[in-house]
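I opened the model to look up a few local features. My notes follow in the order I took them.

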Amino acid sequence: MQGRRMLAVLGAAAMTALSLASCSSASGQGGGTVLRVAFNQDANHPQAKALQEMSDELKAQTDGRYSLQLYTDATLGDQAATIEQVQSGTIDFAVVAGSLLENFESDFSVVNLPYLYESPEHQMKVLNDPGVTAPLYDTLKDDNLKVLTAYHGGVRNVYSTVGPVNKPADLNGQKVRVIGSDTNVRMMERMGGVGTPMAQGEVYTAIQSGVLDGAENNELIYSSLSHDEIAPFYSRTEHLMMPDYLVTSPSVWDRISEEDRKTFEKLFSTSVDTELKLFGTAVDEAVTAAEKAGAKFSDADVTAFREAALPLHKDLVKSDLAQKVYDAIEAARG
């Protein structure tokens, strides 16, 4: 048993995806349309709670024409698989990590840079401002994808089996799991460690066996996946705010009337604010739980890590589009 949390899917992803393959949106009781939403965390995650609250409001404000049905705990497969299902029309919506969209359009790396946002509020303000991000999001049209809204995915920090990571030199030689993208591998190298891409489900065993020295993630993941049991030194490097996106296909969105799309858009905005508040509360609860499990939290020298990582901005912001988005994000700082 890997820690306190076990995902008992055991083939449910394949079975559920097969059962959904013959149709896209389902009809609910009373003839309303139930839009299927793939989600890889549990039902208590702030994003899941915000989406469920949105579903209730959506049903009320559209007189039952629309609601959402969340498939949590990666029931429909990992995030990469659910993107493919959105593209094929098997499911309607999916919540996916921002790094995965780099695989479709490389310019998405500009919004995944380390030390880019000064706060979660700054992040949500710019990523949900069409004046800043619409040209970037529009590049996904040829991939049959549409970004509906961006959600805060937490502030990522480093945790280790070796000891506190207070400065870049402390990461020297440490193999640290990162999200599988070139941006994140290069980020960890500049921070002093060895960036090691790996599927999330493999991280616990890899740390436990010594294949990895640690990982980087937010406090919710750290606690809920029991990584606090095997890598007790959690250092607040605050190096990354990786957004999550609610995505659909243009064909699904186009089937919704203009009037109802306006209702969706209003509720997306409300759900972003709701999720941000819930995330703050959830972080406090996760820290308390992790400390009870033996974790030791410490503040790192954020300035030193930022100075080490910032050259990556110049390396990766190369196209005119990426530069335009980057400049707008910088201009929106407080």
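**Notebook: loops, a helix pair and a buried helix**

I started with S226, which sits in the loop between α8 (219–224) and β10 (233–240). Its phi is near 60°, a positive value in a residue other than glycine. I looked up the accessibility of S226 as well: the value is 0%, so S226 counts as buried.

This is a predicted model, so I checked confidence next. The protein has an average pLDDT of 92, and 91% of the residues reach at least 70. Over residues 1–19 pLDDT stays under 50, and the model has 31 contacts beyond four places in sequence for that stretch.

I then turned to Y115, in the loop between β4 (93–97) and α4. Y115 is not a glycine, yet I read a positive phi of about 55°. Y115 has 7% relative accessibility and therefore counts as buried.

In α4 itself (residues 120–127), I found H122, Q123, M124, V126 and L127 buried. I noted that the cover over the buried residues of α4 includes α5 (130–138), β5 (146–151), β11 (244–248), α10 and α13 (320–331).

Last, I took the pair α2 (residues 46–61) and α10 (residues 258–292), which pack at an angle of about 150° with axes 8 Å apart. Over 145° counts as roughly antiparallel, so I logged α2 and α10 as roughly antiparallel to each other. The crossing of α2 past α10 is right-handed. Residues making the contact include M54 and L58 of α2 and F264 and F268 of α10. By class I have 10 nonpolar, 5 polar and 5 charged residues in the contact of α2 with α10.

How values were computed
Residues numbered from 1 in each chain as written. Predicted model: local features only at pLDDT ≥ 70, side-chain atom pairs only at ≥ 80, totals over all residues. Heavy atoms only, no water. pLDDT = per-residue confidence, 0-100. Contact = heavy atoms within 4.5 Å. Axes fitted to C-alpha atoms, helices over the stretch in contact; angles between N-to-C directions. Helix = DSSP H or I, 4+ residues; strand = E, 2+ residues; numbered from the N terminus. Parallel < 35°, antiparallel > 145°, perpendicular 65-115°, else oblique. Left-handed = near helix turned anticlockwise from the far one by under 90°. Nonpolar A, V, L, I, M, F, W, Y, C, P; charged D, E, K, R; others polar. Buried < 20%, exposed > 50% of the residue type's maximum accessible area, 1.4 Å probe, protein only.
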